[in-house]
Amino acid sequence: MTVLEADRLSADSNRRRDPISSRGAARADTVLAVEGLTVGTGRADLVIDVSLDVRAGETLCLVGESGCGKSLTCLAAMGLTSEPLIRKSGRISFLGQDLSLLRENQLAEIRGRDMAMIFQDATAALNPVRRVGMQIAEVLVVHRGLTWSQAMKQAVELLASVGIPDPAGRANAYPHQLSGGMNQRVMIAMALACRPKLLIADEATTALDVTTQVQILKLMKELQAETGAAMIFVTHDLGVVAEIADRVAVMYSGRVVETATVDDLFERPLHPYTRGLMACRLHATTTSHGRIAAIEGTVPSPSKRPEGCSFRPRCPYASDECMALPALRPIAGIYGADQHRAACHFAEDFARAGS
Amino acid sequence: MSGKGRLILDDIVRVYRSGGSLFGGKTVVRAVDGVSITLEPGETLGIVGESGSGKSTLGRIAAGIEAPTSGHVTLDGKPYARIGSAAWRRERRGVQMIFQNPSKALDPRMAIGGQIEEAMQAHGMFDAAGRKQRMGEMLALVGLPGMGARFSHQLSGGQQQRAVIARALVLDPKVVICDEAVSALDVSVQAQIINLLNDLKARFGIGYLFISHDLGVVRHISDRIAVMRKGVIVEAGPAAEIFANPQHEYTRSLLAAVPAATPAERRARERLIA
């Protein structure tokens with residue numbers, strides 16, 4: 001029996017315990033919708049008015065520099081914010097259900113089963129004193145109610161499905177006996193154990209060597225095609241975005257400043273920050289002569305954001321208008337305008353100029 | 001400091017032994033296995049390789065903070081003194097090192113200006129007033145003017161790395177070993193630091209041994225590149241040539257694994273494979 005067949009068999013028992021599918025879903029294929037999310041501490045807002053949605057089978061990439069709020073947005077989406085972080089406003093609906101209406105034990109049931117997360121440092125995320133096979137099996141025992149022997153058998157199959165050679169042998173290994181890339185595969189196997197509807201990968205390939213990264217990205221794409229899961233991929237690497245994204249949301253200093261399909265974003269970046277990011281990429285297939293393009297200055301601290309547009313002090317196009325906060329809005333004059341939104345007063349000009 | 005700063009690593013071997021322990025016998029890892037490289041004055045030599053390739057070990061040996069099992073390192077024809085000796089301590093001034101994580105490289109309990117002055121003091125440079133002045137000049141040079149009283153936690157990651165660079169370069173080194181020096185920085189800041197390193201190289205004629213796993217960064221900063229795998233240099237040559245016309249199979253596989261520049265490029269590649 002393959003994992004897929006086992007899945008179909010257990011689907012019925014799953015449904016009975018599912019607090020979500022009993023309620024009506026808003027739009028059939030929207031898996032996660034975040035609307036107007038603001039998260040912060042008492043002193044500063046770290047995520048401001050963020051709206052995102054991701055559909056089944058789709059990959060949304062969240063791009064931005066460290067501290068821009070991309071990881072925090074994901075944690076909030078999973079209901080994992082805790083003191084001193086407060087969700088100040090916003091609505092998060094998962095499969096049509098408002099997550100804030102759920103009790104913690106209901107959330108815990110969804111997490112790990114319907115939504116799963118993969119982190120950057122898999123070796124740190126795994127339990128060092130338990131064999132990896134056991135750790136995967138535990139997910140199946142807790143969320144699926146399988147017996148340990150059934151679960152262990154399936155854990156081995158899952159290890160095989162993420163491309164680990166000698167899966168039965170490796171199931172008995174401890175995390176320190178495996179390489180970083182192997183541990184990341186174990187994490188993916190664990191995340192996919194319950195066929196989640198939403199997979200959040202937070203810098204999941206950043207710590208890996210390029211040859212390993214390309215394998216993991218390929219694996220994730222294949223598994224997504226097979227399961228139809230929605231995926232949110234957090235990264236600061238535009239190369240990874242080009243590899244895996246369907247749509248992209250660019251974040252800067254807590255806000256989404258541009259969203260577009262991946263092709264649109266690379267062909268017509270409309271926010272000066274996105275344009276700057278594109279310009280200062282150091283790609284192995286290009287050469288630079290002399291100085292490399294850089295975005296001067298640094299990201300403002302969340303407690304000292306400038307008035308108006310946060311990017312203003314670093315922006316080569318900044319003018320008086322930028323003292324007023326630009327709204328994230330559809331940009332007219334380009335193909336698929338409703339898909340392409342930017343928060344810059346001059347975005348229409350960039351669009352007309354053909355970027 | 002006299003001399004031009006030619007660094008020569010000749011047939012370097014570094015063997016690590018482990019084990020003789022509870023489980024099984026001894027294991028021997030040849031982390032660096034017969035590497036010979038020459039870093040010309042004012043040149044940037046990029047060392048690329050994946051984790052475990054031995055590139056960081058090679059960097060530590062080049063910096064003189066780790067002794068090779070066999071082989072010789074010479075700077076301007078002079079072999080490195082025995083590690084820990086007084087002569088070795090004096091020699092450290094000529095070769096500095098910049099690591100990946102600036103927050104760990106800086107002392108959290110000392111202002112950055114003090115750390116820069118302390119480095120000069122350790123090498124008997126100037127008097128107290130002269131050191132203070134030189135510290136101010138160096139901080140201005142790396143883009144941290146008047147920030148000597150700051151502590152590392154008051155600086156961003158990019159600013160911390162600038163402070164580390166100031167502390168290394170204030171000693172007028174001839175060679176600087178950069179081990180993943182920009183890997184932890186955000187892309188926009190990464191470009192700033194690379195520009196800074198290049199400006200300082202042009203100004204002082206420093207040679208950089210630039211170790212990184214990031215092929216894009218290495219390509220854009222290096223004059224020459226050496227590709228390392230399992231302790232051995234499999235291919236070396238001018239940067240543009242290595243990328244345009246990789247000879248070794250391993251170099252080709254590294255380049256093939258680099259993510260696409262654009263989605264259009266990715267689709268073109270996928271069509272090629274299909």
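**View 1. B:E117 sits in helix α4 (residues 112-122) of chain B.** Helices here are DSSP runs of H or I with at least four residues, strands are E runs of at least two, and both are numbered from the N terminus. This is a predicted model, where local features need pLDDT of at least 70 and side-chain atom pairs count only at pLDDT 80 or more, while totals for chains, interfaces and linings use all residues. Residues are numbered from 1 along each chain as its sequence is written, and chains are lettered from A and ligands numbered from 1 in the order in which they are written. B:E117 counts as buried because it has 24 C-beta neighbours inside 10 Å (buried is 20 or more other C-beta atoms within 10 Å, exposed is 12 or fewer, partly exposed is in between, with C-beta atoms placed from the backbone). Skip the neighbours within four places in sequence, and B:E117 is in contact with B:R131, B:K132 and B:M135; contact means C-beta atoms, placed from the backbone, within 7 Å. As for B:G49, that residue is 68 residues from B:E117 in sequence and 35 Å away in space, C-alpha to C-alpha.

**View 2. Helix α9 (residues 210-227) of chain A meets helix α10 (residues 249-257) of chain B.** Their axes come within 8 Å and cross at roughly 45° (axes are lines fitted to C-alpha atoms, for helices over the stretch in contact, and angles run from 0 to 180 degrees between N-to-C directions). So α9(A) is oblique to α10(B); under 35 degrees would be roughly parallel, over 145 roughly antiparallel and 65 to 115 roughly perpendicular, with the rest oblique. On the chain A side, look for A:V210, A:T211, A:Q213 and A:V214, and on the chain B side for B:S253, B:L254 and B:A257.

**View 3. Chain A touches chain B through 33 residues of chain A and 31 of chain B.** On the chain A side, α9, α10, α11 (262-267) and α12 (272-279) each give two or more residues. That side splits into 14 nonpolar, 11 polar and eight charged residues.

**View 4. Chain A is assigned domain 1 (3-245) and domain 2 (275-352).** These bounds come from an automatic or database domain assignment. Nine residues of domain 1 and seven of domain 2 make the contact. On the domain 1 side, β2 (45-55) and α10 (238-244) of chain A each supply at least two residues.

Key
Contact = placed C-beta atoms within 7 Å. Nonpolar A, V, L, I, M, F, W, Y, C, P; charged D, E, K, R; others polar.
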